[in-house]
Amino acid sequence: MSSQTTSKIIMVRPAAFGYNPETAANNTFQHIPDVANDVVKAKAIEEFDRLVALLVAEGVDVNVIQDTPVPVTPDAIFPNNWISFHEDGTVVTYPMFAGLRRAERREEIIQDLEQEFNILQRLDFERYESKDMFLEGTGSMVLDRINKIAYACISPRTDAEVLDRWCSMMDYTPFTFVARYHGQEIYHTNVMMAIGDGISLACFEVIDAPRGEELAAHLASFGREVVALRAEQIGSFAGNMLAIRNAKGEQLMVMSRSAHLSLDEAQLAAIHRHARIVSSDVHTIETIGGGSVRCMIAENFLPHN
């Protein structure tokens, strides 16, 4: 039986974090920094290290991979967009919208993982880049791994045809919709939606009608408690949370400090019925990179050798 959550995660410590104008073209959550690049980089590394230390202290198995200074990859801190790892031993690599982000794909990372984990199949989707068709991993898709549903907000970074191909090869069913924030299509599904054991959270009000109501009903049909997020909370990255496990098997809902502070009492109570909240301040990473804690984590479901 498939698992929704894992205690093994992969994170990439940045070497050149910074503002990427290529990704800003369709990421409304990015902001141009008002301080020097060196200051931005130093703050991002500090935030990254603090989050890793917190997760390790919570009993999570964190594999930290150091980014390389060359080539320069300002978004390498978000590895879940270019690679995903699955319980059946499948590793998938993805087509990326921004040219700078394509250099994040590092074969040696996969080779190193093969020393400990059983990789039975490699699926390569980056060939779609030549057709300007993109699917950015578990940013573009929020996966219900138990029921094999891939929820996807269609956008310039999430192509419906590539999604259908992925679902066909991975034996998933797609559930698609269009959502808008401040008049622009939301670039990644995982900034507005999250699924854990016993709970799912999503911002239904930003989804084009009537699909928002249909999504709420669909999520509820699997027996999970459904929590509605508000549009202004998405701006605080409340949707960009991730359910993982610690060594004791306890479910943790990991999110940024800004996301945590944006939640109301009813939402907090709902999460606490299923998981313990773990939050950390990643303000620099969120503001300049346009992604938060969930984006920083690639879940590792691979079986051990």
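Tutor: Contact here means heavy atoms within 4.5 Å. Keep in mind that this is a predicted model.

Student: Which residues is Trp82 in contact with, leaving aside its neighbours within four places in sequence?

Tutor: Val92, Thr93, Tyr94, Met96, Glu104, Arg105, Arg106 and Ile109 are in contact with Trp82, once neighbours within four places in sequence are set aside. Trp82 sits in the loop between strand E2 (61–66) and strand E3 (83–85).

Student: Is Trp82 buried or exposed?

Tutor: Buried means under 20% relative accessible area. Trp82 has 3%, so Trp82 counts as buried.

Student: Which residues have the most contacts inside the largest nonpolar core?

Tutor: A core joins buried nonpolar residues through side-chain atoms within 4.5 Å. The largest one has 39 residues, with Tyr151, Phe177, Met192, Met193 and Leu215 making the most contacts inside it. Elements giving two or more residues to this core include strand E8 (173–177), helix H7 (211–220) and helix H10 (265–272). A second, separate core has 25 residues, among them Ile9, Ala44, Val278 and Ile297.

Student: What does Met192 touch?

Tutor: Beyond four places in sequence, its partners include Phe177, Ile186, Leu201, Val206 and Ile234.

Student: How many cavities of 30 Å³ or more are there?

Tutor: The search of the whole structure finds 2.

Terms used: Residues numbered from 1 in each chain as written. Predicted model: local features only at pLDDT ≥ 70, side-chain atom pairs only at ≥ 80, totals over all residues. Heavy atoms only, no water. 1 Å grid on protein atoms, 1.4 Å probe; cavity = no way out; pocket = protein on both sides within 12 Å on 5 of 7 lines; lining within 4 Å. Points joined across faces, edges and corners; volume = space filled by probe spheres on them. Buried < 20%, exposed > 50% of the residue type's maximum accessible area, 1.4 Å probe, protein only. Helix = DSSP H or I, 4+ residues; strand = E, 2+ residues; numbered from the N terminus.
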